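I opened this model to work through it step by step. My notes follow the picture.

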Amino acid sequence: MNSHDSLMAYVLRLADNALILGQRMVELVAAYPELEEELANANFALDYLGQARMFYTYAGELEGMGRSEDDLAFLRDENEYRNFLLLEQPNGHFGDSIAKLVLFESFYLLQLEALVHCSDARVAEIAARAVKEIRYHLRHNTQWLIRLGDGTEESHDRAQVSIDTLWRFTGELFAPDEVDNVFEAEFAGPDLFRIREQWEKDVAAVLQEATLVVPGEQWMASGGKQGRHTEHFGYMIAEMQYLQRANPEATW
Amino acid sequence: MVALAVSREQVMAWLSDVADPEIPVLAITDLGIVRGVTVQDDVIVELTPTYSGCPATEVIEQSVLDALHGHGLENVTIKRVLSPPWTTDWISEEGREKLRKYGIAPPASGGSKRELLRGNRNIACPQCASLNTSVVSEFGSTACKASYKCNDCLEPFEYFKCI
């Protein structure tokens, strides 16, 4: 894989992660348990969609085939998406959503902090914009996980189940493949080994404060980065793409 | 092509009449999102978005085009610049005063990172200036604002968050 292809693939993964998580969060609009969280979720989802747009636009330019952000977001098939499996998991209850966000954003923040210093100027500037947003999200979502874990007996038990259930999707975040390796070598990209060490410390500290237990070593699911998704994904993008598939080139 | 008979200062003055669509009391120049104006054969206006997903970005770009076209400038290009990322520190003093008069507590300057990491300091009520205020919701009508209430004059108000 040459450096250009690794850059394009890497940017597309960033875009897919932001879009798919953003779309899951959009599903929760008007369904949150209280007004403040409703607003937080909608605003955070908007940050993700904004990041996705910037990454897709750049990926389309790198590809050079004239595909726009919308083409990439809405007109690809299931196996062409490269997002983490963690992000496509159904929302479940409030604790599941918070657990998913804390696990992912603890990683994404470190990834963006590293990308700010990568040698591709465009990725670096989008990362510099996004890192401020994700820092804010993570602060908010971490407070919630601590409140749930250290809350009532029921919220504690349910938060632990959320963490235990989602844990098997976290291995993929740190498993480098060719795209990660070439991007790291050619563009001074993130070192996933170091990110993993920091993530483990950060997440352990949050779980400890939340009186939750860090799950033990276990089998890890993977495949999202290569386009092999879980069964939930097809249903999700069917809904997401319906309008664009039914009315090609619709604008409003 | 003939060089345009318009100065950079004139273009900036016209841009100071373009209102932010979400907080119309602020001009886009008060908000600090106009990052550069170049006048040569055409006019290039550099704008930076506040938040990645700010839905006002496209509206603002269109407003800038409309305003400059209205003043007879035909070749106007909008360039979106991301770096360095926008911060509330770029809101002008005049802009802060306009926000306060409008009933929105302006962001404190220079406190961005500390505030992101450790929570808000005491925010002064834009109505009575009391520091005895409390957060109602960290999130408000837009991504950039939080909802507060004043414990002295009892007025609810919005606070423009530091970023």
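How many residues of chain B are in contact with chain A, and how many of chain A with chain B? I looked it up: 15 residues of chain B touch 22 residues of chain A. Two residues are in contact if their C-beta atoms, placed from the backbone, lie within 7 Å. The chain B side divides into nine nonpolar, five polar and one charged. Here Ala, Val, Leu, Ile, Met, Phe, Trp, Tyr, Cys and Pro count as nonpolar, Asp, Glu, Lys and Arg as charged, and the others, Gly among them, as polar.

**Ground rules.** I noted that this is a predicted model, where local features need pLDDT of at least 70, side-chain atom pairs count only at pLDDT 80 or more, and totals for chains, interfaces and linings use all residues. Residues are numbered from 1 along each chain as its sequence is written, and chains are lettered from A and ligands numbered from 1 in the order in which they are written.

**Chain A.** I checked helix 1 (residues 3-26) of chain A. Helices (H or I, at least four residues) and strands (E, at least two) are DSSP runs, numbered from the N terminus. The 24 residues of this helix should span 34 Å at 1.5 Å a residue, and its end C-alpha atoms are 34 Å apart, which agrees. The expected span is 1.5 Å times one less than the number of residues. In helix 1 of chain A, 19 of the 24 residues are buried (20 or more other C-beta atoms within 10 Å of a residue's own, C-beta atoms being placed from the backbone).

**Chain B, domains.** I found domain 1 (8-80) and domain 2 (93-160) in chain B, with bounds from an automatic or database domain assignment. Their centres, taken over C-alpha atoms, are 26 Å apart. Nine residues from each domain make the contact.

**Chain B, open sheet.** Three strands form an open sheet in the order 1-2-3, with mixed pairing. Two strands pair if DSSP finds at least two bridges between them. Strand 1 (34-39) and strand 3 (76-80) each have a single partner strand, so one side of each lacks a neighbour in the sheet. Strand 2 (residues 43-47) and strand 3 pair in the parallel sense over five bridges. B:Val43 has B:Val76 as its bridge partner.

**Chain B, strand 7.** Four of the five residues of strand 7 (residues 156-160) are buried, so it is largely enclosed by the rest of the structure. Strand 4 (residues 104-105) pairs with strand 7 in the parallel sense over two bridges. Strand 6 (residues 145-150) pairs with strand 7 in the antiparallel sense over five bridges.

Terms used. Buried ≥ 20, exposed ≤ 12 C-beta atoms within 10 Å, placed from the backbone.
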